[in-house]
Amino acid sequence: MILVTGSTGNVGAEVVRALAAAGTPVRALTRDASRAEPQQGVEYVSGDLSRPESVRPALDGAHGLFLLPGYPGLPELLADARRAGVERVVLLSGGSAGSGDTGNAISRYMAESERAVRESGIPWTFLRPSAFMSNTFQWIPQLRAGNVVRVPFADVRMAVVDPHDVAAVAARALTDDGHEGRVHQPTGPVALRAADRVRILASVLGRDLRFEAQPDDEARREMLETTPVEYVDAFFDFYVTGTLDESVVRPAVQDVTGRPPRTFEQWARAHAAAFG
């Protein structure tokens, strides 16, 4: 049985589906299990990663653990997991985790999470994917208002990846041997700028969308309305200063799953209804 944390998130929900489809028993952790949509082969349980004691009962009988980063109680949770007999952990991390840059808030919490897993004594696998295709959902309010899409960091090329593919890699690492101590870096099949994604989405939706590059000062003001300043600074460090390169196309999805990663067009067609 595999315990999946963040089971209703972009990647976690896909991990749950992938494992269940393969016939692997899944226990899906969510803050409120009563609100989860029932799924065959999936047991939903309540728990909160910010309160490790609330997760402890869910670890009973778990063989593997899919884990999200960034929670201060991870060492305690991992100690509980080891005592419960968990034999492998797959941590969703990020591309900047290996940079050693403790001044960047995102890099720091990713690296601290990886260190906690390494020190737990449980065999581990890290996933450091590129940016998610699902970040495109952030455009929905603009698309409901009209056909102009304003996007920050317009000149940055990213090999954006479908969370479905990240989850497929995770599911293999959780159930197959040979992934212990490895760092997988799932990416999409091609590096795209925001304008490329707008163009592809326009074709899929049959709409005359127009791309506009959002100035950095405007993007910062907008991001600060919903995001703590240290994380806004981290994103600007990545994409304006250029400390993170997500343009590199890597073979992890093909190597681990035996099939190529999905294209952005495939992702857009699968989620076209969400854009109205």
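Strands β6 and β8 run parallel and are joined by three bridges. This is a predicted model. Within this pairing, Thr125 stands opposite Arg182 in β8. Both strands belong to an open sheet of seven strands.

**The seven-stranded sheet**
- The strand order is β3-β2-β1-β4-β5-β6-β8, and the pairing is parallel.
- Which strands stand at the edges? They are β3 (42-46) and β8 (182-184). Each has a single partner strand, so one side of each is left without a neighbour in the sheet.
- On average, neighbouring strands of this sheet are turned by 20° against each other, direction ignored.

**Thr125 in strand β6**
- Thr125 sits in β6, which spans residues 124-127.
- Is Thr125 buried or exposed? Thr125 has a relative accessible area of 3%. Buried means under 20%, so Thr125 counts as buried.
- Its side chain reaches the backbone oxygen of His179 at 2.7 Å.
- Beyond its neighbours within four places in sequence, Thr125 is in contact with Val89, Val90, Leu91, Ala173, His179, Glu180, Arg182 and His184.

- Helix α6 (residues 163-175) lies across β1 (2-4), β4, β5, β6 and β8. Helix α6 runs at about 165° to β5.

**Where α4 meets α9**
- Helix α4 covers residues 105-119, and helix α9 covers residues 229-241.
- Their axes come within 7 Å and cross at roughly 100°. Angles of 65 to 115 degrees count as roughly perpendicular, so α4 is roughly perpendicular to α9.
- Which residues meet here? From α4 come Ala105, Ile106, Ser107 and Tyr109. From α9 come Glu230, Tyr231, Ala234, Phe235 and Phe238.
- By class, this contact has seven nonpolar, one polar and one charged residues.

**Strand β7 and its partner**
- Strand β7 (residues 148-151) pairs with strand β9 (residues 210-213) in the parallel sense, over four bridges.
- In a regular strand, side chains alternate between the two faces of the sheet.
- Which residue of β9 stands opposite Arg150? The residue is Glu212.

Definitions and conventions:
Residues numbered from 1 in each chain as written. Predicted model: local features only at pLDDT ≥ 70, side-chain atom pairs only at ≥ 80, totals over all residues. Heavy atoms only, no water. Helix = DSSP H or I, 4+ residues; strand = E, 2+ residues; numbered from the N terminus. Buried < 20%, exposed > 50% of the residue type's maximum accessible area, 1.4 Å probe, protein only. Polar contact = N/O pair within 3.5 Å; in protein donor to acceptor, adjacent residues only side chain to side chain. Contact = heavy atoms within 4.5 Å. Axes fitted to C-alpha atoms, helices over the stretch in contact; angles between N-to-C directions. Parallel < 35°, antiparallel > 145°, perpendicular 65-115°, else oblique. Nonpolar A, V, L, I, M, F, W, Y, C, P; charged D, E, K, R; others polar. Pairing = 2+ DSSP bridges.
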